[in-house]
Amino acid sequence: MISARERTLNYVVLVVFAVYALYPLVMIVDLAVSPDLSGDAAGGLANFEGAWEQGRFGTYLRSSVVVSAITVSIATFLSILSGYAFGTMRFPGRALLFWTMLVGIMVPTEAIVVPLYFDLRALDLTNTYVALILPQVAQSVAFGTFWMRAYFLSSSRDVVEAARIDGAGHWQTLWRVLAPMGRPAIVTLTLLIFMWTWNEFLIPLVMVTSENLRTAPLGLAFFQGQYTSGVALLAAGAVIVALPVVIVYLVLQRHFIQGIVEGSTKG
Amino acid sequence: MSAAEAQTAASAAAADRSARRERRGAPPGEPRRVGYVYVAPALVIYAVFLLFPLVRAVQISFYKWDGLTLGGWVGLRNYADILADPALRAAFGHAAVLVVFFALIPTAVGLVLASVVARARVRGLTFFRTVIFLPQVVAMVVVAVTWRQIYAPDGPINDVLRFVGLGDLARGWLGDFDLALPAVGMVGTWVSIGLCFVLFLAGTGKIPRELYEAARIDGAGPIREFVSVTLPAVRNEIVVALTLTVIAALRTFDLVYVTTGGGPGNATTVPSYEVYRRAFELGAVGSAAAIGVTLTAIILLLNLVIARIGEQP
């Protein structure tokens with residue numbers, strides 16, 4: 001049986017832990033709505049307006065939305081296709097191709113970003129959405145293929161057989177039967193790719209010099225370097241950059257935690 | 001043999017093969033060339049934007065190249081430099097220190113705390129889990145900006161020190177030669193520890209309560225109970241936690257770029273940061289590529305080693 005003392009101890013541990021996790025975040029939100037000595041920040045929600053104007057976060061967010069939306073759409077769609085093939089079909093070289101893609105999960109961006117930059121520059125493709133998006137799609141489909149294959153492997157053979165007897169081809173079987181059933185797996189994948197893309201820093205830092213293409217985290221780093229008169233607008237900018245992912249996380253936290261936990265367990 | 005006959009024979013053979021596979025409990029599916037069509041788009045983008053750059057990185061790492069003019073072949077010298085150049089050796093050494101802060105401390109602390117919480121059904125656990133996991137989803141650049149304020153000369157840490165009369169200890173933590181690296185590491189601890197805790201909580205949640213009671217009846221104390229009940233049950237989760245956090249430590253870039261820029265001096269520079277600095281600031285592209293390739297090799301190797309440890313009974 002659990003004693004009252006143990007129960008109290010449990011709550012003490014959890015509360016201390018929660019405060020430790022929350023303190024820095026609460027502090028930055030508090031800074032973001034407080035006035036500071038710069039004279040730019042009057043406090044309250046006006047600080048966000050100030051950051052939006054002075055820090056040009058409107059531009060950065062737009063760029064982040066474009067990059068994330070396109071990366072997530074392409075990567076999720078292609079991952080479903082390739083995961084479907086690896087999970088339900090047999091063709092020569094299947095294992096080799098799958099392992100080749102699996103390696104991509106472990107390759108750090110640091111290793112590929114240098115040749116990518118110089119080769120894309122030679123093709124005049126740096127400072128474009130292509131340079132921001134396609135390398136991130138490549139990284140995401142490596143994980144996505146692995147993730148969706150696990151779902152399709154676990155999907156029921158009987159359902160597929162039934163669809164086939166009903167006269168459905170492989171394309172219909174995928175989109176009318178298996179994809180709808182796999183919605184939880186697909187939602188989780190979408191969220192993970194969104195989070196990775198939104199938070200990515202190194203690829204935009206290297207690929208883009210034009211201010212119009214700067215993504216939100218990159219814009220924040222530049223703003224910190226340039227704007228030194230106070231911390232309120234900087235903090236407001238930080239909140240703006242973090243908020244989209246945090247909101248989605250709070251609404252769908254089960255998917256996030258499960259995705260990050262299971263995504264690695266299955267490896 | 002006519003074409004039609006050949007086709008029939010071929011499909012009969014294929015059917016026979018697939019029937020045999022089925023008997024052996026082989027993976028699902030039947031022979032389908034159309035699989036290539038489904039795999040192709042993902043594979044092409046992956047090959048062009050990940051695999052090819054990786055091969056190119058290996059190639060570039062054999063050259064001395066400034067990124068502009070023609071490079072010169074130097075063989076393995078860029079790799080030898082990683083061992084010989086004190087600055088580079090230091091960068092890898094710093095990465096090892098970060099592994100302690102990002103991976104070992106969070107795993108150890110997370111394990112102990114998860115085992116403390118494991119035995120009781122706690123109300124509001126979903127809420128606590130959501131909050132404790134939160135640092136994982138906040139962009140690292142935002143985390144870095146936030147912790148810069150915490151470590152600032154007039155930040156909360158120094159405020160507390162002054163308040164309790166230890167004002168002499170107050171300093172700009174990220175500007176201190178000896179303390180900047182641990183300070184950066186502590187940020188990693190903050191980011192990783194929630195992940196570890198939530199992972200272990202999932203693991204301990206699967207332990208049947210009777211096991212704890214049986215251990216109690218056998219007279220096992222808390223430590224004995226931890227070693228013989230909790231630890232074996234979360235073995236898999238430990239492997240996962242270590243894999244994720246060690247890789248995060250080795251790949252630290254955003255955090256160093258935003259908090260210290262590798263400074264003061266070279267006190268907090270790490271391999272990822274050296275890749276960036278050498279390729280895009282110092283014009284030592286070959287050296288940067290060699291560091292990136294080495295980092296990749298270390299990560300692949302660590303993955304294998306950690307997975308192997310996890311497999312052992």
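Guide: A:Ala18 is found in helix H1 of chain A. Helices (H or I, at least four residues) and strands (E, at least two) are DSSP runs, numbered from the N terminus. The model is predicted: local features need pLDDT of at least 70, side-chain atom pairs count only at pLDDT 80 or more, and totals for chains, interfaces and linings use all residues. Residues are numbered from 1 along each chain as its sequence is written, while chains are lettered from A and ligands numbered from 1 in the order in which they are written.

Now its partners. Leaving out residues up to four places away in sequence, A:Ala18 touches B:Phe128, B:Val131 and B:Ile132. Contact here means C-beta atoms, placed from the backbone, within 7 Å. By comparison, A:Ile240 is 222 residues from A:Ala18 in sequence, and their C-alpha atoms are 22 Å apart.

Follow the helix pair. The axes of H1(A) (residues 4-32) and H5(B) (residues 125-133) come within 8 Å and cross at roughly 35 degrees. Such axes are lines fitted to C-alpha atoms, for helices over the stretch in contact, and angles run from 0 to 180 degrees between N-to-C directions. The crossing of H1(A) and H5(B) is left-handed, that is, the near helix is turned anticlockwise from the far one by less than a right angle. Nonpolar covers Ala, Val, Leu, Ile, Met, Phe, Trp, Tyr, Cys and Pro; charged covers Asp, Glu, Lys and Arg; the others, Gly among them, are polar.

Step back to the whole interface. Here 79 residues of chain B are in contact with 76 residues of chain A. On the chain B side, helix H2 (residues 34-60) gives the most, with 17 residues. That side divides into 57 nonpolar, 14 polar and eight charged residues.

Chain B itself has 14 helices and two strands. Of its 313 residues, 42% are buried. Take its contacts between residues at least 6 apart in sequence: 72% join residues at least 24 apart.

The largest nonpolar core has 176 residues. A nonpolar core is a set of buried Ala, Val, Leu, Ile, Met, Phe, Trp, Tyr and Cys residues joined through C-beta atoms within 7 Å. Helix H8 of chain B (residues 180-204) gives the most to this core, with 15 residues. Among the residues with the most contacts inside the core are A:Ala235 and B:Phe197. A:Ala235 touches A:Ile28, A:Leu31 and A:Ala32, with residues up to four places away in sequence not counted.

Helix H11 of chain A (residues 216-226) is largely enclosed by the rest of the structure, because eight of its eleven residues are buried. The buried residues of H11(A) include A:Leu218, A:Gly219 and A:Phe223. The buried residues of H11(A) pack against elements of both chains, including helix H3 (57-88) of chain A and helix H6 (140-151) of chain B.

Chain A also has a crossing of its own. The axes of H4(A) (residues 94-106) and H6(A) (residues 129-154) come within 8 Å and cross at roughly 120 degrees. That makes H4(A) oblique to H6(A): under 35 degrees would be roughly parallel, over 145 roughly antiparallel, 65 to 115 roughly perpendicular, and the rest is oblique.

Last, some backbone details. A:Asp124 has a positive phi of about 65 degrees, though it is not a glycine. A:Asp124 lies in the loop between helix H5 (109-122) and H6 of chain A. It is exposed, with 8 other C-beta atoms within 10 Å. A:Asn127 is found in the loop between H5 and H6 of chain A. Its phi is positive too, near 65 degrees. A:Asn127 counts as partly exposed, with 16 C-beta neighbours inside 10 Å. In chain B, a cis peptide bond joins B:Gly263 and B:Pro264, with omega about -5 degrees. B:Pro264 is in the loop between helix H12 (254-259) and helix H13 (271-280) of chain B. Most residues other than glycine have a negative phi, and most peptide bonds are trans.

Methods:
A residue is buried if 20 or more other C-beta atoms lie within 10 Å of its own, exposed if 12 or fewer, and partly exposed in between; C-beta atoms are placed from the backbone. Two residues are in contact if their C-beta atoms, placed from the backbone, lie within 7 Å.
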